[in-house]
Amino acid sequence: MLSLDICASVHFCKNCSSLSPDLKSFPSPAAFSLSTHRHRQLQLRSQFLAPLSAAHFSSEAVKDEFLAAEMAEDSGLDSELDEEEFSSDGGDEDEEEEAESFDVQEFEREAKEAVKEFSDSLSRELKIEDEVPNQKRTRGRQQPRITTVSNIPDHLLPRVAIVGRPNVGKSALFNRLVGGNKAIVVDEPGVTRDRLYGRGFWGEYEFMVVDTGGVLTVSKSKEDVVEELAVSTTIGMEGIPLASREAAIAKMPSMIERQATVAVEEASAIIFLVDGQAGLTSADVEIADWLRKNYSHKYVVLAVNKCESPRKGIMQASEFWAFGFSPLPISAISGSGTGELLDSVCSHLEKIEETESHKAGEYIPSIAIVGRPNVGKSSILNALVGEDRTIVSPVSGTTRDAIDTEFTGPDGQKFRLIDTAGIRKRAAVASSGNTTEGLSVNRAFRAIRRSDVVALVIEAMACITEQDFKIAERIEEEGKGCLIVVNKWDTIPNKNQQTATHYEEDVRAKLRILSWAPIVYSTAIEGNSVERITVAATLVEKERSKRLSTATLNQVIREAVAFKSPAKTRGGKRGRLYYCTQAAIRPPTFVFFVNDAKLFSETYRRYMEKQLRTSVGYTGTPIRLLWRSRRKSDKDDGKDAFLAKQTSSSQVDKKLAVAT
């Protein structure tokens, strides 16, 4: 296909004494039949060979001998290219037939099918487990809601906060209201710690539901707090002194309560959730007094959860009249009573109308912040948004859920930041027997899947570990854009101008799978250089969304093949490239149509990927190269389709001629 000859006349300039012979010793004009690949060979040679000066020629005879040798060498090169690069089964005439037997539209259709097949197989391979064997399943049937998601930004919607003491079912009610499985639900206290946001719909109303951690009482002892919050004093804290561990554990309840306080202050309505089976407790009384004294101007709904039986639920809710609120029996698991609850809540919410500016549907890229425990992921999120959005503590496993936060950069670019739990080794998670940690890791993997760009955070002093490499493998397999954030850069002693260079060489050597990812150095706890993360993420997202025209892409491929053609097999066969197209973006996916995909070795495929990156870019994003074989039957089918198309067009021309 590439060997169609194009005739071109090459005239020697009179002013070029180095290349132009005397007109007497050379016919004028000199015409050569040069094919396109020979033009490229001449161009490649002209780049690497230095121009010859007139001093190289001492006489006319020497000039004639030099030109004769050059013409003989060029003729030998042409025959060698005919035999090797575009060989084998019949020469240029067969390739010309093959060029006519393929339809570009057919190529494009097959390319889309190839991408779909690859995506389906990859999804099956990278399956994420939703359930844990010992996790209690939902007993009620949760009907899917048929709603049209509006384009109203999250910060414009009214907020509904869910507060209460630990283990009363706040996360289960949150999942019921948002219609999904966003929050981790485990039958143990202290699972939720940070604020978790999700969109809820009821009739014509749309609002943001906020899940909070359990509010503890100040009368609890340190031992009771550790037991209720399930705080580990050993896992992931080996390098932290015992005094620091105890101080961090003592601060944990106040941090959780501070997050709940922020959620209540920004809410338009508050759902005060209590446990109907456990009955009235002193912690419930303290929370009720706190709400009455400080937030009497807000609408508060008292919901009595775990009232599975309607008749028994009325009796269970009756003892909570003492709080001064009207109790409403509900069941977050089965969904009974939640309709009345939403009617009561929405009656005090402001309805937000969708305007034309909202209907534009601006695309907001998502950035997932992932890494091992205690590398500073939550600190980076807080430094970017400029507030204590998540709890930062040396206690390992502080973050449980995947926390979504909308953020606007200095240049006006909007992002959705996703803070995730630390990802430990699978064997370590399984041996710990902690169900919550297993669910947290699953949430982190899901955050990678639904993100556009992943910020892989590593600790400067620890550098690259085996777990970092496994996380990097998952990012590349998911096809996400990536940037490597080296956090706690201030802990590196005796830094100089060469420190970053040597450190980058070490990272590149250990994370070869992310050799295309940019590296950012930051100190999140002090807010140093964190803005570079969003700058690099913006660049990565643009590269990830880049689409090449087919003409530009095939020009790059032709130059790559001209520079290095596929190697021959032992049987004398050589791979041929017929056509290439970009079938998808995010990540950029290219489909190569070849005579036989098995003839292209893994080394040559890596070479082709390297040539694409060198010529086009694609910084910070993986690229997919899919190779499709065109067998003899496929060629014959394509040729028949081409002949049928030509016959039909000729028949149409005849009809038009008769009509005229």
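Predicted model: local features only at pLDDT ≥ 70, side-chain atom pairs only at ≥ 80, totals over all residues.
I'm calling a residue buried when its relative accessible area is under 20%, exposed when over 50% and partly exposed in between (1.4 Å probe, protein chains only). By that rule, buried residues make up 46% of the 660 residues in the protein chain.

Residues are numbered from 1 along each chain as its sequence is written, and side-chain values use heavy atoms, with hydrogens and water left out.

Next I looked up the secondary structure: 20 helices and 17 strands, taken as DSSP runs (H or I, at least four residues, for helices; E, at least two, for strands) and numbered from the N terminus.

I checked L456 for contacts (heavy atoms within 4.5 Å). Leaving aside neighbours within four places in sequence, its partners include V370, I471, I484 and L514.

Last stop, strand 9: 6 of its 6 residues are buried. S366, A368 and V370 point one way, while I367, I369 and G371 point the other. I found strand 9 paired (DSSP finds at least two bridges) with strand 12, parallel, over 5 bridges. There, I367 has V453 as its bridge partner. Strand 11 also runs parallel to strand 9, joined by 4 bridges, and I369 has D419 as its partner there.
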